[in-house]
Protein chains: 2
Amino acid sequence: MNDDHDVTVLRLGHRPGRDERMTTHVGLTARALGADRVIMAGSARGRTDTIVDITERFGGPFAVETTEEPKRTIRDFEGRVVHLTMYGEPIQDVVDDVRADHGTGPLLVVVGAEKVPFEVYEHADYNVGVTNQPHSEVASLAVFLDRLFEGRELDREWDDPDRVVVPKATGKKVVEPDDE
Amino acid sequence: MNDDHDVTVLRLGHRPGRDERMTTHVGLTARALGADRVIMAGSARGRTDTIVDITERFGGPFAVETTEEPKRTIRDFEGRVVHLTMYGEPIQDVVDDVRADHGTGPLLVVVGAEKVPFEVYEHADYNVGVTNQPHSEVASLAVFLDRLFEGRELDREWDDPDRVVVPKATGKKVVEPDDE
């Protein structure tokens, strides 16, 4: 986001049929809340179209990529790796360290579906829990990004949108950028 | 949560087949991040089992209810109504007001799927956007609750769990409560 080092979100463990909308929401949440790129692993690659389409309509930059070798993506990543998991250390205890690391280089944020291979836990520099309760990888990603960026992502501006939503107390207002 | 006034999450607009896991994740996120109750509207009522099951295993209190008349739930609610929508006012601008209202009475947080009836916008005391970008009702709910409770929800304790996850830097540790 902006002049920060890049934040990439890697979506692992997508199960066709079951996870279609969850995976789309991982990608859209990554984009909306300040990440620079999402990488969809394996069978999740079919979910890229919606995210590309939203980026074309509502603005970028935001990159959408796919990989057949997610473990290699993690292993070869040149920067810190954060794995979001209910088994990890409390976000409130570690996010300051993660933010300090992100001040010096890029970050890879790994979000799984139900079963994540043990190597991911081992390769991660941080295994981070947004609570130690079972809930949602989308919720965990959202809280993590909001705390990483300390809310700055909410004021992000977008390049080349076809349409812009104008906040309203009631109702909906969508304009073309020149109308603003 | 604890001694606070109740926070209820109302799930609207569930589309069978398409939204099954999203709706489950709305309920689990509500529970994990400090709400007291979720109400599933209409066809979403089939999604209550997983949330009840997680509450039995990981602890409560957390109530799961259903309604055939969600508009009446909103109309008759005795407290403030917050509707999360990408068309609403920026969360960073209104959350302090919402928190002040929650200091004096219960809160109903409405999250829709794609199409929410206009009456909901009108009946809501606050239409709130977690960014004005399209992303995920699960992500919006998570950021909203984290900011409403200012992180206190992360330290919530649970009554009568069968199992407790113990945070770890690497790997997984789950114990029965007496082992702790």
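Buried area is the accessible area (1.4 Å probe) that two parts lose on being put together, summed over both. The model shown in these views is predicted.

**View 1. The interface of chain A and chain B.** By that definition, the two chains bury about 4500 Å² between them, and 62% of this area is on carbon and sulfur atoms. On chain A, 54 residues are in contact with chain B, and chain B likewise contributes 54 residues. The interface holds 14 residue pairs in polar contact, both residues being at pLDDT 80 or more. The elements of chain A that give two or more residues to this side are helices H1 (20-32), H2 (48-58), H4 (91-102), H5 (118-123) and H6 (137-148), together with strand E4 (80-90). Sorted by class, the side of chain A that touches chain B has 25 nonpolar, 13 polar and 16 charged residues.

**View 2. Salt bridges across the interface.** Four salt bridges are found between chain A and chain B. One of the pairs that meet the rule is Asp146(A) with Arg147(B), whose closest N and O atoms are 2.8 Å apart.

**View 3. Helix H1 of chain A against helix H1 of chain B.** The axes of H1(A) and H1(B), the latter spanning residues 20-32, cross at roughly 60° and come within 7 Å. Arg21, Met22 and His25 of chain A, in H1(A), meet Arg21(B), Met22(B) and His25(B) in H1(B). This contact has two nonpolar, two polar and two charged residues.

**View 4. The sheet of chain A.** Six strands make up an open sheet with parallel pairing, in the order E3-E2-E1-E5-E4-E6. Strand E3 (63-67) and strand E6 (126-129) are the edge strands, and each pairs on one side only. On average, neighbouring strands are turned by 30° against each other, direction ignored. Strand E1 (residues 7-11) pairs with strand E5 (residues 107-111) over five bridges, in the parallel sense. Within this pairing, Val109(A) in E5(A) is the bridge partner of Val9(A).

**View 5. Helices on the sheet of chain A.** H1(A) packs on the sheet and touches E1, E2 (37-41) and E5 of chain A, with its direction at about 180° to that of E1(A). H2(A) lies across E2 and E3 of chain A and runs at about 165° to E3(A).

View 6. Over all chains, a search of the whole structure finds 28 salt bridges. One pair, Arg11(A) and Glu137(A), has its closest N and O atoms 2.9 Å apart. Arg11(A) lies in strand E1 and Glu137(A) in helix H6, so the pair ties together parts of chain A that are 126 residues apart in sequence.

**View 7. Backbone features in loops.** Most peptide bonds are trans, and most residues other than glycine have a negative phi. The peptide bond from Gly60(A) to Pro61(A) is cis, with omega near -5°; Pro61(A) is in the loop between H2 and E3 of chain A. In chain B, the bond from Gly60(B) to Pro61(B) is cis with omega near 0°, and Pro61(B) lies in the loop between helix H2 (48-58) and strand E3 (63-67) of chain B. Thr131(A), a residue other than glycine, has a positive phi, near 70°. Thr131(A) is placed in the loop between E6 and H6 of chain A.

How values were computed. Residues are numbered from 1 along each chain as its sequence is written. Chains are lettered from A and ligands numbered from 1 in the order in which they are written. This is a predicted model: local features need pLDDT of at least 70, side-chain atom pairs count only at pLDDT 80 or more; totals for chains, interfaces and linings use all residues. Side-chain values use heavy atoms; hydrogens and water are left out. Contact means heavy atoms within 4.5 Å. A salt bridge is a side-chain nitrogen of Lys or Arg within 4 Å of a carboxyl oxygen of Asp or Glu. A polar contact is a pair of N or O atoms within 3.5 Å; within protein, one must be able to donate a hydrogen and the other to accept it, and residues adjacent in sequence count only if both atoms are side-chain atoms. Helices (H or I, at least four residues) and strands (E, at least two) are DSSP runs, numbered from the N terminus. Ala, Val, Leu, Ile, Met, Phe, Trp, Tyr, Cys and Pro count as nonpolar, Asp, Glu, Lys and Arg as charged, and the others, Gly among them, as polar. Two strands pair if DSSP finds at least two bridges between them. Axes are lines fitted to C-alpha atoms, for helices over the stretch in contact, and angles run from 0 to 180 degrees between N-to-C directions.
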